[in-house]
Amino acid sequence: MIASLRYEFAMQLRRPSLWIVYGLVVAVMVTVLDYWSLDLGVYEVSAPKEAMGVAAQIVVTLLPIVYGCMLADRLPRERVLRVDGILDATPSGRTARLIGKYAGVCAATAVPLAIAYFGRALLYVFVEGQPSALGWAAVTFLASILPGLVFVGALAFAGPLLLPPMVFRVLFVAYWFWGNVIPASLMPTLSHTVFSATGEYVRYGLLTPIPPGYGRASAVLDFLRPGYTPATAWLWIGVMIALAAAVLSLVRLHASRSES
Amino acid sequence: MKPVDLWRHEARRAGLPALLGPPVLAALILLLAAFGTRLGSREENTRWMLMGALEMGVPLLSGMVAATLPGRDPVAELRLAIPRGYRPALLRRLAVALGCTGACAVAVCAALMASGWWTFAYGGAAGQLVWLAPALWLAALGFFAAAALRSTAAAASLVAFVWTGEQIVGGALADNPAYRLLHLFATTSWGSDGWPVNRLFLMSTAVLLAVAGWLLLGNAERVLRGEPE
């Protein structure tokens, strides 16, 4: 497992296109969006904790699209290159290889995302002179961004097994927009629920107070949108990890079926 | 080989997903138009979603198709060596896939106009620019990115990011005159104010992107040195 994790991590991290795409995307975020000012025209950011929360919100709204699309071709790769038979003949177990590959690919694809986020935190430290921002950035990243990436990573990793990669990418983008970004009142959607991967529950339940004016009209599926409390924040983290484990178990089951 | 055989071959190379996606989207839009009210959606909401599906769904499909198709030739060496060239073959493949998308979009537009759902200020042939301009722009971006980055995943990621990013920043940058020219979803975001100029600007920049992609694909060595899987 460790060997396949290390290999997949290094392979994905050395893909030039990964860095080019993330670079272009972050350049757009910096020039077009308010990734510098972090106020988005809505927030009054005075404390490092809130600033890091807004930075997390911007990063987690836009960058998981790139994260998901860039790792969507990794699982079918061995079949496409026809090396799956050789890998199956090695003494390493299928489950260990699958988990190692998943962890390695996801970790490598999240590296540029983490650089974009912690880079902003570092800049905040120098500009505002508040070193505590780095600590808050680490906490926010671990609690509010990482669980979402664990789930989205499992989804994008497994999706191309069932669908051709092109169809999967279209559906993934549509899912991200429908299930995580749009306002809940527009149509029945998973966005702003405990199944949404944007980490809102941890940001507002555990870390920062809900910004003023952040009201929600009543919408369909509101029973999936409990209030922001520390308990629901932990529930969200649990849901994300459980969903990722469920998706990976399905992948393993799929592999066992194709074995026989 | 007769021309029709060449076209048939490229249709097969485009693949079923690229050819079946547009009819499925068209069917979903028509189903929403027919049953939206019965599902409990308000009329204005349904109207916005129908235009949204046309202006956003069709470009997403065409952008992804254009980003995916250039990088799918396992024997590219052979294709690059034949006298008729690689680029015309690729163009045929894209024309088949995007033509299918276009035909479905025209049919949906005609159905919406005939059934009274279409209340946008520009109708008829000009109304087709609702989907055509953003679809061409995203397709050109996907084509250019696939040629420049030589990686399907990277090109698809860029198309996906631009598509999502444009939806998110559309409201915030409504007063920026430069952005008003380049916004892909001007119909559903802002309505008909400055709409023709936006559409013309999108189409002309799409041509520039497509020409740049075409020139990049002319370099056979570059095409062969594509990113390993």
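Tutor: Start with a term. Buried area is the accessible area (1.4 Å probe) that two parts lose on being put together, summed over both. Chain A and chain B bury about 2,600 Å² between them. Of that area, 82% lies on carbon and sulfur atoms.

A word on the model. It is predicted, so local features need pLDDT of at least 70 and side-chain atom pairs pLDDT 80 or more, while totals for chains, interfaces and linings use all residues. Residues are numbered from 1 along each chain as its sequence is written, chains are lettered from A and ligands numbered from 1 in the order in which they are written, and side-chain values use heavy atoms, with hydrogens and water left out.

Now the elements. Helices here are DSSP runs (H or I, at least four residues), as strands are (E, at least two), numbered from the N terminus. On the side of chain A that touches chain B, the elements giving two or more residues are α2 (16-31), α3 and α8 (165-181) of chain A. α8(A) gives the most, with 8 residues.

What kinds of residue make up that side of chain A? It divides into 24 nonpolar, 2 polar and 5 charged. Nonpolar covers Ala, Val, Leu, Ile, Met, Phe, Trp, Tyr, Cys and Pro; charged covers Asp, Glu, Lys and Arg; the others, Gly among them, are polar.

Next, count the residues. Contact means heavy atoms within 4.5 Å. The contact takes 31 residues from chain A and 29 residues from chain B.

How many salt bridges cross the interface of chain A and chain B? The rule finds 0. It asks for a side-chain nitrogen of Lys or Arg within 4 Å of a carboxyl oxygen of Asp or Glu. Over all chains, the count comes to 9 salt bridges. One of them joins Glu8(A) and Lys101(A), with the closest N and O atoms 2.9 Å apart. That pair links distant parts of the chain, 93 residues apart: Glu8(A) is in helix α1 (residues 2-13) and Lys101(A) in helix α6 (residues 94-128), both of chain A. Buried means under 20% relative accessible area, exposed over 50%, partly exposed in between (1.4 Å probe, protein chains only). Glu8(A) counts as buried because its relative accessibility is 6%. Lys101(A) is buried too, at 3%.
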